[in-house]
Amino acid sequence: MPGTPPTRFVYLGPEGTFTEAALRTIPAAERGLRTPARSVPEALEAVRAGDADAALVPLENSVGGAIPVTLDELVTGAPLVITREVVLPVEFVLGARQLTPLAEIRTIAAHPQASAQCRNWLRANAPDAVIVDVLSNAAAAISAAAGEHDAALCAPIGVARNDLTVLADKVADHPDAVTRFALLTRPGRPAEPTGDDVTSLAVSIRRDQVGALLAVLTELAVRGINLSRIESRPTGEQLGTYVFFLDCTGHVAEPQLGEALQGLRRICADVRFLGSYPRHRLVPEPPVPSPPGLANNDFADSAAWLAQVRAGETA
């Protein structure tokens, strides 16, 4: 939202979760008002209703995949757009009220997704402990602090907040696991391109059109646009109807992607623009160069040439 930085933030709660930790990496959110929501729909509805300027919700996890409720919410209700992404390493810690040998741990509170991502570690290091499902990573830390369970598998932010002692850190079966979060606002003029951007779309194809998905992919491929993610979700209307979520390299303001969006608009039953925003890289790396003839400058030059032809200024 260029010119009007958000100051009121809502996020998938409760406090002490990875979502709050991700939100607090955004300087404006660290300075602003942060309010937890009970669910993704509640967080996004607060933005739609004007009760918050922006909402941070999980979009996908490198181990568990996309977050279905977030995808479903992006294609229902009043439009929202992604203005920023945050990629956060998912490193769990095992915390308890006091230093305790792992062999003496009998119950461990954990959110089901947390215990699933640490299953092998738990089997190897706390094989006799019973894993007790709780509603969130924050709830796990709170229950351990209250003495309801011997330990908690939780986010690092929950340890200090609940005065827990770390029994083991960087607990995970996949040490490089990350979660990608999306900051969503009401629609507005996208920020200027940075040269390393992502554009997200929700595309509905015509059910009775042969090769419809191939046609969508062709619109991107012939323009040298890299498709970094594709995810399908049922529309809920009838069996066999799906919405495809696409993440493409590039920015809506660039001619290369602009042409592709026009092409998709022509051939698809519906296209919902979900935002153009800077790519968040944990480790800086240069963007992949476009193939010869398919860079943004090439598209701009060809458009200028065509304008001259139409104006009778060149042969």
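**View 1. Helix 10 and helix 11 are roughly perpendicular to each other in this predicted model.** The axes of helix 10 (residues 255-267) and helix 11 (residues 296-310) come within 7 Å and cross at roughly 70°, and the two helices are therefore classed as roughly perpendicular, a label for angles of 65 to 115 degrees, where those under 35 count as roughly parallel, those over 145 as roughly antiparallel and the rest as oblique. Axes are lines fitted to C-alpha atoms, for helices over the stretch in contact, with angles from 0 to 180 degrees between N-to-C directions; helices (H or I, at least four residues) and strands (E, at least two) are DSSP runs numbered from the N terminus. P255, Q256 and E259 of helix 10 meet N296, F299 and A300 of helix 11, contact meaning heavy atoms within 4.5 Å. By class, this contact has three nonpolar, two polar and one charged residues, with Ala, Val, Leu, Ile, Met, Phe, Trp, Tyr, Cys and Pro taken as nonpolar, Asp, Glu, Lys and Arg as charged, and the others, Gly among them, as polar.

Residues are numbered from 1 along each chain as its sequence is written, and side-chain values use heavy atoms, with hydrogens and water left out. Because this is a predicted model, local features need pLDDT of at least 70 and side-chain atom pairs count only at pLDDT 80 or more, whereas totals for chains, interfaces and linings use all residues.

**View 2. L294 lies in the loop between strand 15 (270-278) and helix 11.** Leaving aside residues up to four places away in sequence, L294 touches V222, R223, G224, Q256 and F299.

**View 3. Strand 14 (residues 242-249) is mostly covered, with six of its eight residues buried.** Buried means under 20% relative accessible area, exposed over 50% and partly exposed in between, for a 1.4 Å probe and protein chains only. Strand 14 pairs in the antiparallel sense with strand 12 (residues 197-204) over seven bridges, and T199 stands opposite C248; two strands pair if DSSP finds at least two bridges between them. Strand 13 (residues 227-234) also pairs with strand 14 in the antiparallel sense over seven bridges, with L246 as the bridge partner of I230. C248 is buried, at a relative accessible area of 0%, and its sulfur is 11 Å from the closest cysteine sulfur, in C268, too far for a bond.

**View 4. An open sheet of five strands has the order 8-7-9-6-10, with mixed pairing.** Strand 8 (130-133) and strand 10 (165-171) are the edge strands, each pairing on one side only, and neighbouring strands of this sheet are turned by 25° against each other on average, direction ignored. Strand 6 (residues 92-96) runs antiparallel to strand 10 and is joined to it by four bridges, with A96 opposite T165. Helix 7 (residues 137-145) packs on the sheet, touching strand 6, strand 7 (107-110) and strand 9 (151-154), and its direction makes about 160° with that of strand 9.

**View 5. C154 is a buried cysteine, at 0% relative accessibility.** The closest cysteine sulfur to that of C154 is in C118, 11 Å away and too far for a bond. With a disulfide defined as a pair of cysteine sulfur atoms within 2.5 Å, the count comes to zero disulfides.
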